[in-house]
Amino acid sequence: MARKAAGRPPKETLSLWTREQARLKACVVDRDTEAWQGDPAFSGLQRVGGVDVSFVKGDSVSACASLVVLSYPELKVILVDGNGVLHHRGFGVACHLGVLTGLPCIGVAKKLLHVDGLENNALHKEKIQLLQAGGDSFPLTGSSGTVLGMALRSHDRSTKPLYISVGHKMGLETAVRLTHRCCRFRIPEPVRQVGGHGVWQGGRAPLLPTIFPS
């Protein structure tokens, strides 16, 4: 039986969390840092992980975090179901995980976060219509003039974009390219698997060479 929802944390706790978030935000690296990131085929990349966090229904205290690792044989990058710098304070869950683990991370969100003037309005929907094929994208530029991420049509048969943002230790262009190469369907395979939507083979995730065609 789920526990009763807890009340809003005390003001002092919220203030502490905000200060910690600001401290970690200063550690985010928003450029490519690994040799494999500069290779068009990502030669040298061996494993890709997917991360998702789900809260228990009716319980605002407990949550379940899951990690799926697909072979591409050493974990080198994590795709996170959530945002990176595309965030109200510029430090989403993909940034937080990247800074704490020291691994390159990418924020992969299914919905547009309304921040810095970004809205899912008529103009935004018009831009989505111009994405004709898998791999097509356009920048998400806030009212401040800052490019916070990219809207990506991840698959030819998908009309709903993904919203890609820098998490840590990877530039935006590389993050978009790698996310696209991970997509057999709309959602990149590591994130599909961690969300329970992928097809498991004998209790094991499919190897990335079947996801990344040569």
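## Report on the predicted model

At 27% relative accessibility, Asp116 counts as partly exposed, a class that lies between buried (under 20% relative accessible area) and exposed (over 50%), with a 1.4 Å probe and protein chains only. Asp116 sits in the loop between β4 and α3 (122–129), and its phi is near 55°, a positive value in a residue other than glycine. Lys169, in the loop between β7 and α4, likewise has a phi near 55°, which is positive although the residue is not glycine.

This is a predicted model, in which local features need pLDDT of at least 70 and side-chain atom pairs count only at pLDDT 80 or more, while totals for chains, interfaces and linings use all residues. Residues are numbered from 1 along each chain as its sequence is written, and side-chain values use heavy atoms, with hydrogens and water left out.

**Confidence and overall layout**

The protein chain averages a pLDDT (the predictor's confidence in each residue, from 0 to 100) of 83, and 80% of the residues score at least 70. Over residues 197–214 the pLDDT stays under 50, and for that stretch the model has 32 contacts beyond four places in sequence, where contact means heavy atoms within 4.5 Å.

The protein chain has five helices and seven strands, these being DSSP runs (H or I of at least four residues for helices, E of at least two for strands) numbered from the N terminus. Read along the sequence, the elements follow the pattern α-β-β-β-α-β-α-β-β-β-α-α. Of the 214 residues of the protein chain, 42% count as buried. The accessible surface, computed by the Shrake-Rupley method with a 1.4 Å probe and, for residues, with only the protein chains shown as cover, comes to about 11700 Å² for the protein chain, of which 55% belongs to carbon and sulfur atoms.

**Nonpolar cores**

In soluble globular proteins, nonpolar side chains tend to be buried together. A nonpolar core is taken here as a set of buried Ala, Val, Leu, Ile, Met, Phe, Trp, Tyr and Cys residues joined through side-chain atoms within 4.5 Å. The largest such core has 22 residues, and those with the most contacts inside it are Val77, Ile106, Ile164 and Leu178. At least two residues of this core are supplied by each of β3 (75–81), β4 (105–109), β6, β7 and α4 (172–181), and the largest share, four residues, comes from α4. Leaving aside neighbours within four places in sequence, Val77 is in contact with residues including Trp36, Leu45, Val48, Ile106, Met170 and Leu178. A second, separate core of twelve residues includes Ile128, Leu131, Leu140 and Leu148.

**Cysteines**

A search of the whole structure finds zero disulfides, a disulfide being a pair of cysteine sulfur atoms within 2.5 Å.

His155 is placed in the loop between β6 (147–152) and β7 (162–168), where, at 14% relative accessibility, His155 counts as buried. Which backbone atoms lie 3.1 Å and 3.0 Å from a polar atom of the side chain of His155? At 3.1 Å it is the backbone nitrogen of Arg157, and at 3.0 Å the backbone oxygen of Arg184. Leaving aside neighbours within four places in sequence, His155 is in contact with Gly134, Cys183, Arg184, Phe185 and Arg186.

Glu189, in helix α5 (residues 189–194), is buried, with a relative accessible area of 1%. The side chains of Glu189 and Arg192 are joined by a polar contact of 2.9 Å, a term for a pair of N or O atoms within 3.5 Å of which, within protein, one must be able to donate a hydrogen and the other to accept it, with residues adjacent in sequence counting only if both atoms are side-chain atoms.

Ser66 lies in strand β2 (residues 63–71) and is partly exposed, with a relative accessible area of 28%. Not counting residues up to four places away in sequence, Ser66 touches Gly50, Val51, Asp52 and Val194. The C-alpha atoms of Ser66 and Gly50, 16 residues apart along the chain, are separated by 8.1 Å.
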